[in-house]
Structures are given as C-alpha cells and as structure tokens.
Amino acid sequence: MGEVRATNRRLKKAVKEFFGKNPSPEQVALMNNALAGDAKAIKALPEDIADIIGGMRRQIDALSKHIVKKGWVSGELKAKVEENIDTYVARSYRVFDDPKYVENIDPEVINKAVNFVEKQLIKNGVPASKAQLMAMTEIKDMLAEYSSKGRGSFDSGRLGEKDLSLFMKRKDIAPEIRALMGEYKDPLMNYTRSITRLAQFIGNHKFLTDLKRIGLNEIFFEEKDTRRTLMGANERVKGFVGKAKEGEEDASRGSYSPLAGLYTTKEVNLILEEFNAATAAPSGVYGFLIRMNILSKTTKTLMSVMTNVRNAMGQI
C-alpha cells in the first residue's frame with residue numbers, strides 16, 4: 001500500500017498549499033465529489049489538486065478493470081462493475097467504526113433523521129398521531145443494529161470470503177440518514193478504503209481459487225466424488241452456487257466461489273466458518289489454510305496488486 005500512502009501525502013501537501021491547513025467543509029466535499037467522478041467538481045478545483053485526485057480515480061478504476069480483465073466477474077456482476085467505473089468510491093460511516101459514536105450524535109442530526117422518517121411514514125399511510133413514535137423507534141433500532149454490526153475487517157467472517165457489495169449500485173440513501181450514520185466525506189479516507197476493499201476482493205478471490213486448485217481431491221471434493229467419504233469429507237462448504245460455464249470460477253457465482261458447494265471435513269469447514277476464533281496457526285492442513293489466508297493479505301500481496309494496476313494504467 002506504499003503507493004496509496006504516497007498519493008495521500010501528495011494530496012495533503014497540495015491541499016495545504018492551496019486551501020490552507022484546515023480546508024473548509026465545502027472544499028473537502030468538493031474534493032470528495034471530484035473523486036466520485038463529478039466533472040463540475042473537478043473543474044472547480046485547483047489544477048494540481050485536480051491532477052492528484054484524477055490519478056486517485058484512475059487507480060480505483062484500474063483495479064475494477066483488472067478484476068474484469070482477469071475474468072473474475074461475469075454476467076450481471078460484470079455489468080455492475082463496468083457501470084461503476086469512473087464513479088465507484090467506498091462510502092464509509094462512523095457508526096460502523098466508532099463504538100462511542102451513537103452516544104455522541106448531535107441531537108439536531110437525530111431530530112432531522114426522525115423528521116425525515118416520520119414524513120415518509122405519513123406518506124405511506126401511517127396516522128400522524130403514531131408516525132413520530134414509530135420514526136423514533138426505527139431510528140433507535142437502526143443505530144443499535146449498525147453500531148453492533150460494524151463494517152467488518154480483513155480478518156472477519158469466513159476465511160477468504162469476498163465482499164460483493166462493493167460492486168452493487170449505491171443505494172440512494174437520504175442525506176438525513178447519511179448524516180445520522182456519520183458519513184465520512186474525507187476524500188483521502190474514501191480513496192484509501194476504495195483501494196483497500198478492491199484489493200481485498202482480489203486477494204480473497206485469488207486465495208479461494210488457489211485453495212481449490214491446490215486442495216481439490218485432497219481436502220476438498222466434488223459431491224459425486226465417492227473418495228470423499230473415505231477422507232471424512234462429508235460437510236458441504238456453505239454458499240450460493242450460481243450457474244456458470246464449465247470451468248468458469250468467478251465471483252458471479254457467489255461470495256465464496258469457487259469453494260462453495262464442495263465437500264470437506266468437519267474440521268476444515270470449522271476453520272472456514274469460524275476463522276475469527278483461530279488465535280494461532282497450528283501445523284498440518286489447518287495451519288496451511290490460515291497461513292495462506294494471512295499471506296494473501298500481506299502488504300506484499302497488496303503491493304503486487306498495485307503493480308498490476310500500474311501496468312494496466314500504462315496500457316490505457
């Protein structure tokens with residue numbers, strides 16, 4: 001991630017030169033909009049800042065194009081990735097990151113969110129006498145759920161599972177709700193998280209693909225392979241298994257493709273399902289699984305991805 005850090009330093013230096021030590025919220029929002037591909041915002045920025053943000057935009061797009069070029073997505077998912085090129089930026093919220101965020105939300109922000117939900121409920125036929133209490137309940141429930149759920153991290157969830165939500169079309173969340181959730185408008189944070197999420201997807205997909213290639217007929221078996229019974233591989237790896245052409249193993253088949261639907265032992269499946277509980281890497285097969293996953297997420301892997309990005313950008 002050295003290239004990301006270098007880009008962040010360059011932007012900070014340019015911002016300080018043109019906007020001063022503490023840029024205004026409007027200037028920050030302008031840069032964030034430019035990162036999301038807003039042509040008017042790009043033109044409104046000083047040329048040096050616009051050039052840096054343009055480079056950040058190209059890095060994000062190059063990762064998306066890399067995923068498409070490698071054939072890791074197809075069909076509807078491929079169309080969504082291509083549709084998001086030039087505009088995709090990870091949208092992030094404090095409610096997922098800061099455990100104390102909810103208790104420190106500005107009451108005015110909460111009131112605006114409640115009023116918004118109340119009006120929506122009334123539009124949907126809820127009596128005005130009940131709408132406000134229902135709206136307050138909805139807001140409190142939402143904050144409780146989101147603050148406990150969190151966005152997730154590199155080592156959360158099943159071993160190597162991919163986050164496909166980053167390719168989905170951004171939902172049109174009302175500004176009042178985005179403010180309630182504490183939307184980050186810092187272009188540096190959103191750029192870094194965009195690169196990180198895409199690089200994580202690439203690392204995890206490569207990990208799962210390599211794991212199947214290395215482990216098929218050893219620790220992972222097709223359903224019809226009777227040898228799996230002799231190996232004790234009677235547990236199906238969970239996950240959606242979509243239709244695909246023969247030999248096609250892309251993320252369009254589900255977040256755990258291409259392992260989903262294969263059979264393995266109870267112990268291996270437990271490692272896949274409860275990786276968070278693994279506090280050490282034991283020897284044998286299980287240590288192999290853990291070490292492969294850790295390796296796929298090291299700085300070396302991410303830097304390798306960025307090398308591919310530089311190569312791809314050089315061909316544009």
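Is Y93 buried or exposed? Select Y93 in this predicted model and you will find that, with a relative accessibility of 5%, Y93 counts as buried.

F96 belongs to helix α6 (residues 94–97) and Y146 to helix α8 (residues 128–149), so the pair ties together parts that are 50 residues apart in sequence. Y146 has a relative accessibility of 22% and therefore counts as partly exposed. With Y93, F96 and Y146 selected, you have a cluster linked by ring pairs.

Now move to helix α4 (residues 47–69) and helix α10 (residues 187–215), whose axes come within 10 Å and cross at roughly 15°, which means that α4 is roughly parallel to α10. The crossing in which α4 passes α10 is left-handed. To show the contact, select M56, Q59, I60, L63, S64, H66 and I67 on α4, and P187, Y191, S194, I195, L198, A199, F201 and I202 on α10; sorted by class, this contact has eleven nonpolar residues, four polar ones and no charged ones.

Finally, select N8, which lies in helix α1 (residues 2–19) and is buried, with a relative accessible area of 14%. Leaving aside residues up to four places away in sequence, N8 touches L188, Y191 and T192; Y191 is also one of the α10 residues that make the contact with α4.

Technical notes
Residues are numbered from 1 along each chain as its sequence is written. This is a predicted model: local features need pLDDT of at least 70, side-chain atom pairs count only at pLDDT 80 or more; totals for chains, interfaces and linings use all residues. Side-chain values use heavy atoms; hydrogens and water are left out. Axes are lines fitted to C-alpha atoms, for helices over the stretch in contact, and angles run from 0 to 180 degrees between N-to-C directions. Helices (H or I, at least four residues) and strands (E, at least two) are DSSP runs, numbered from the N terminus. Angles under 35 degrees count as roughly parallel, over 145 as roughly antiparallel, 65 to 115 as roughly perpendicular and the rest as oblique. A crossing is left-handed if the near helix is turned anticlockwise from the far one by less than a right angle, and right-handed if clockwise. Contact means heavy atoms within 4.5 Å. Ala, Val, Leu, Ile, Met, Phe, Trp, Tyr, Cys and Pro count as nonpolar, Asp, Glu, Lys and Arg as charged, and the others, Gly among them, as polar. Buried means under 20% relative accessible area, exposed over 50%, partly exposed in between (1.4 Å probe, protein chains only). Rings of Phe, Tyr and Trp (its six-membered ring) pair if their centres lie within 6.5 Å; planes under 30 degrees apart count as stacked, over 60 as edge-to-face and the rest as tilted.
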